[in-house]
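Let us walk through this structure step by step. Start with one chain, then look at how the chains meet.

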Amino acid sequence: MPLLECGRIVRDSWQKLADDAALPSAPCILSLSRLQQDEAVRTAPHLRLGVALPVDQPAEVLAPYLDRLSLVAVNFSTFRDGRGFTQARSLREHLAFSGEIRATGNILPDQYAFLLRCGITTVETLDGTDPAAWQKAADRFSFAYQPSVLKEPVLSGLRRTMRLGLPRDTDSQLIGN
Amino acid sequence: MTANRLRDGQVVWLAPEGRWAEEIAAAEVFDNGLIDEAIARARIFEEQRVVLDVYGVELDPAHSGTVPVTERERIRAAGPSVRPDLGRQAKGATVHAS
Amino acid sequence: MRANATLPVGTYGYQPVDLAFLNDRAAQFSDQVARRLSGDLSEDEFKPLRLMNGLYLQLHAYMLRVAIPYGVLSAAQLRRLARIARVYDRGYGHFTTRQNIQFNWIKLEEAPDILAELAEVGMHAIQTSGNCIRNITSDEFAGAAADELVDPRVHAEILRQWSTLHPEYSFLPRKFKFAISGNPHDRVAARFHDIGLIATPGADGAVGFEVFAGGGLGRTPAIGIRLREWLPEHELLAYMEAILRVYNAYGRRDNLYKARLKILVQALGREAFAEKVEAEFAAIPKERYRLGPDIVEAIRARFGKPYLDAPEDAPAELSKHRRRDHAFDLWVQTNSHPHRAAGYISVVMSLKPNGGIPGDASAVQMDAIADLAERFSSGEIRVTHLQNLVLGHVRQDELYTLWQALGPLGLATPNRGLITDIVCCPGLDYCSLANARSIPIAQRINERFANVELQQQIGPLRINISGCINACGHHHNADIGILGVDKKGEEFFQLTFGGRGEEDAAIGQIIGTALPESEAVNVISRVIDTYLARRVPNERFRDTYRRLGATFFKEAAYAAA
């Protein structure tokens, strides 16, 4: 599936690893139970690891493993289920996680700015997605009325200038596979 | 069979030949046995973004005309019972809330 | 004449940057409507987006709910609402129990134009529906009442801004309602909200908040638990973040009817819930969410102040008119509230005339009220959670002239707080969720008790009517609550008694079976007769009811039913 990062479609170097699959050499996203139970995978040298955080688990369950993780995927089974926003924000704000947070599942372009402001960096989108629609949605507002994990500069009062890290030029998209 | 028109939310009734009418009096009447199939067919109007929420309305057998059996559907067909100057009732529709 | 002609009185004066935000929001919705009409968005995807702009699909058309933050409007804003009623609707609007206004005959295609028109006067429909933080309600006499300790509107505005398009809390398990008051006499039903705040002054002029959480009405009425006795102002936003974050993470999403915060509080237990909130609060980086006095003052500075300078003989003038005109005296007695400034008074314009529809106002009335507000009350109008309108700052010597102008507009009914001041949702006449009509039974009760002397004799009594279990008419917290139910296609009404919304909050009890409309009105009549026969002098209905008990009233009222 196309992966959106900073408003562009980029190559996805991660693969999901089934619970019974053998250890690959490429970066892989594990289930939480495999991460918790498979010490061999956790201690495998030079293997970049990610985990799919179940939607009903608090981000804090990842605390023991965070220094081993380069990616956390949060899932939106429907775009109306906003738990992933809190999981992402907890990862950034309470656990100081600095790796990739990936949103998967059913998400609308209209939610892009919310995702980014909660600390999500990449979005798995559907085939045929137009990144310009996401960019347009995220660019809609120039400021927000509350702080976010992006530590945006104060504009005045409660207002923060939005700095979503998106390119202004949507023509130079990097198209990956 | 009734729905609300997507563009303006207006209450409409499925009339013969696939036309959506604003008057319940113009509605096509289906036998109970045929209504499910008719609703399934009418879903095409949702897909075509003409109307929303197609469903069947039961008519009151005590009346000869197209008078719904429930208060809710009588109000939808006529207008608010507390504002007789508004809705289809204001334009002479014959269905009145009780 | 106003102290600061550039700022609206009693509400936040939008700066150009805020107006630009509203324009962007209107443009965003315009795009979303276009995507819906072109098929880019399915109805399933579009519905939450339109709801977060206040747009419902109701029985007859789309309904647009416009936010009136903390219930305060400027004259210019009210005129704009009148214009929207005339141009885009059928010439009227309905003021709701959440201090909003609803238009019932809206076209989807025109909704973006309406939002653009609202944006011009600093108004919007943001988060008036949807599973997000809704309009912040407050006390209708805020900033005017003699008994007030803190004007809560500045903090209501802070909460409004903070909650607007909040990145984390726009897709909550369910809707989330705030109320805030600065008065020890709770006029906002703080204990019946997801979060209720009572602002109180501390030492050295500091402001703090008593915090209640997990209250609500609807299917499972609950009284909120007190989480904090005194939360300091600078921690307000951090603490709200903590409550919302616990709710967003743990609130149920599998069952629409068990998704509100109150259910989470009940499921976890008050201790465990409070512990979770405090743990989250302890972990939150306080500096990031700090509400500094500079921010509070900057927002306070955007509120215009009323012009308060009455002549010394203003009270004497008022007394003179009251002595000469009995009808005026009666109206002042019921429909006014003491003002903090000498020579001033607040008055309630009843939207509950005999034979009317509770909460409805015509475009003609709205325009006229805007004119009167400019002439008599520093251009400020308030909407009450009991669906009336208030002019907050009227000079006592001008009250008689104001009253004379209100009469012909149908706005001088002397029934505030009396049995005909009925709170009522739109019910099955408009609402697609309703099981029964609520307006007609309100009208029947109004007719039954139309006699002004009888109403005065009965005294303070609240009747609230909801057309379904969602309880938009707040039937649970009234002296007499009426809930419309559907029994095999017939409209029935379930009565509850003994509810209270204030600081002694209580949920009304069911004491008999649901009845058809006319019988329900008869039962209410018998309950009132019993009360009048058995009360001690000056005893309010609620006190008599408490003293004699539910069983006593049940026997008296349902005996013949």
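**Inside chain C**

Of the 561 residues of chain C, 59% are buried (a residue is buried if 20 or more other C-beta atoms, placed from the backbone, lie within 10 Å of its own). The model is predicted: local features need pLDDT of at least 70, side-chain atom pairs count only at pLDDT 80 or more, and totals for chains, interfaces and linings use all residues. Residues are numbered from 1 along each chain as its sequence is written, while chains are lettered from A and ligands numbered from 1 in the order in which they are written.

Chain C has 19 helices and 20 strands (DSSP runs: H or I of at least four residues for helices, E of at least two for strands). Its radius of gyration is 23 Å, close to the 24 Å that the globule rule gives for 561 residues, so chain C is as compact as a globular protein of that length. The radius is taken over C-alpha atoms, and the rule is 2.2 Å times the number of residues to the power 0.38.

An automatic or database assignment sets the domain bounds. In chain C, domain 1 is 13-26 + 54-124 + 306-408, domain 2 is 145-300 and domain 3 is 423-558. The C-alpha centres of domains 1 and 2 of chain C lie 27 Å apart.

**Between the chains**

Two residues are in contact if their C-beta atoms, placed from the backbone, lie within 7 Å. Which chains share the most contacts? Of the two pairs of chains in contact, chains A and C do. Chain C also meets chain B: 22 residues of chain C touch 21 residues of chain B. No contact joins chain A and chain B. Their closest C-alpha atoms lie 20 Å apart.

Definitions and conventions: A residue is buried if 20 or more other C-beta atoms lie within 10 Å of its own, exposed if 12 or fewer, and partly exposed in between; C-beta atoms are placed from the backbone.
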